[in-house]
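Here is a short report for a reader new to this structure. Take a look at the model before reading on.

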Amino acid sequence: MTLIFDNRYAELGERFSVALAPDPPPNPEIVIINDALIKPLGLNDYSKEELLALFSGNSIPDGASPLAMVYAGHQFGGYSPQLGDGRGILIGQVEDIKKNLLDLHLKGAGKTPFSRMGDGRAVLRSCIREFLASEALYHLGIPTTRALSITTSDEPVRRETIENASLLMRVCESHIRFGSFEYFSYTEQHNELRQLCDYTIENHYPEAKKSRNPYDALLMAVCYKTAKLIAYWQAFGFAHGVMNTDNMSITGQTFDYGPYGFMERYDPYYICNHSDDQGRYAFNRQPAIGHWNCQALAQALAPLNTAGAAKDALHHYQDTFLTFYHTLMIKKLGLSSSIDNDKDLYEDLLDLLEGHRIDYTIFFRSLSHYSVGDGPSALSCIENCADAFVPWFDRYNERLRSESQTESNRHKAMCAVNPKFILRNYLAQVAIQNSEAGDHSELHNVHDILKAPYDEQPDHERYAKEAPDWGRNLQISCSS
């Protein structure tokens, strides 16, 4: 087998991208390969040398059409009229063995016409963080892009310190962003805006073609997927960190990993990006920012939409988020149905977790093994403040007794939605430090653990524990 290319985005023409080959760094070496993606993409017959050449940009496969995409975006609320792939190259679009069309995108591939003052490179730490996070979310069941490989080199690049130029091969449904539509709308290239919408509908939302106005249906569908995505983030305690419109995927996948973080001790005001001085992208603001971004997309699509389409789509976003988040949270509590006051039950619980600084993931995993009537003393993670939880557990016990499912089935169902293992920031940091020193074994180990986040994995208990003191409250820079 080999890569089967179908470069539909390249066919849109020169207003949408610039044809450009990667500029590979010298002396590349493989850091990690995501073996689970090799066969589905048709790469299983490639030798290690051929894979290295592909993943480092030294070999452009037959049929590829590498390019840098143009887009704009609202960054921290301010509009940037032209951004674009400043260090990434869309190598091409390929069919996997199930005939799904997927982008192969090489991050860190060198300067492009959109690099501005940048050097077009990525560094090892940013590649590792995206590799691990995208795989963590994928195995949790959260929509996301995925990472195929990381390669590194001996080319020095300057960030806060001198680091090694590295590359990440990303696989996803599309690299079209909210900002792609903003670019054509605000430059009044309305023919190109329509062309991009038609492409997106044809390839990602074909059901919209059945609507009286397909562009209204496109906006509605994107708002729906975005709302569901952010509901997942909130239920699992994931903070993206930089929800600019150029970092929002049109297909509703988690996209462009930068200074993200899994919240550990529950803090609704959690800020994972040390550059976010105003807390614009704090954890508890993500649903509102998702709405803001959908509003920005609606504004960009206004030349094609009918009157009232934006209002309807934004209401749909709000309703979808609230409904889906509620569904996820009652599942985390082990409830098989929803009744009045369930929302109060989990909101009051979150207040307790915040007030007593309890680890979010550990608490819900511990609750997954809870038996009716045991009380808070059954959970070691709250043993120092168990008395404060007594009234809540009284309500929870009463609610569980109203359920018809057996305790065994409830425990099993809860363990399937409350992970034991998440990508704690310190785990990523240890893997990065070891890899920067030339030892990639911890990176592989963490990746393997994250493939089964809901399993017990008794040999890896330490990876499920709270972070050590040095690893608490880590904030990450956008610099990569």
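## Overall build

This is a predicted model. The protein holds 14 helices and 13 strands. Its radius of gyration is 23 Å, close to the 23 Å that the globule rule gives for 480 residues, so the protein is as compact as a globular protein of that length. Along the principal axes, the C-alpha trace spans about 65 × 60 × 45 Å.

## Burial and contacts

Of the 480 residues, 58% count as buried. Among contacts with a separation of 6 or more, 72% join residues 24 or more positions apart.

## Surface and charge

The accessible surface comes to about 19,600 Å². Carbon and sulfur atoms account for 48% of that surface. The protein carries 44 positive and 62 negative side chains. The centres of these two sets lie 2 Å apart.

## Helix α4

Helix α4 covers residues 178–186. Buried here means under 20% relative accessible area. By that cut-off, 8 of the 9 residues of α4 are buried, so the helix is largely enclosed by the rest of the structure. The buried residues are Phe178, Gly179, Ser180, Phe181, Glu182, Tyr183, Phe184 and Ser185.

What covers them? The cover includes two strands, β5 (73–75) and β6 (78–80). It also includes the helices α5 (190–204), α6 (214–236) and α7 (286–301). After α4 comes Glu188, with a positive phi near 55 degrees.

Definitions and conventions
Residues are numbered from 1 along each chain as its sequence is written. This is a predicted model: local features need pLDDT of at least 70, side-chain atom pairs count only at pLDDT 80 or more; totals for chains, interfaces and linings use all residues. Side-chain values use heavy atoms; hydrogens and water are left out. Helices (H or I, at least four residues) and strands (E, at least two) are DSSP runs, numbered from the N terminus. The radius of gyration is taken over C-alpha atoms; the globule rule is 2.2 Å times the number of residues to the power 0.38. Buried means under 20% relative accessible area, exposed over 50%, partly exposed in between (1.4 Å probe, protein chains only). Contact means heavy atoms within 4.5 Å. Accessible areas come from the Shrake-Rupley method with a 1.4 Å probe; for residues, only the protein chains shown count as cover. Lys and Arg count as positive and Asp and Glu as negative; His and the chain ends are not counted. The place of a charge is taken as NZ of Lys, CZ of Arg, CG of Asp or CD of Glu.
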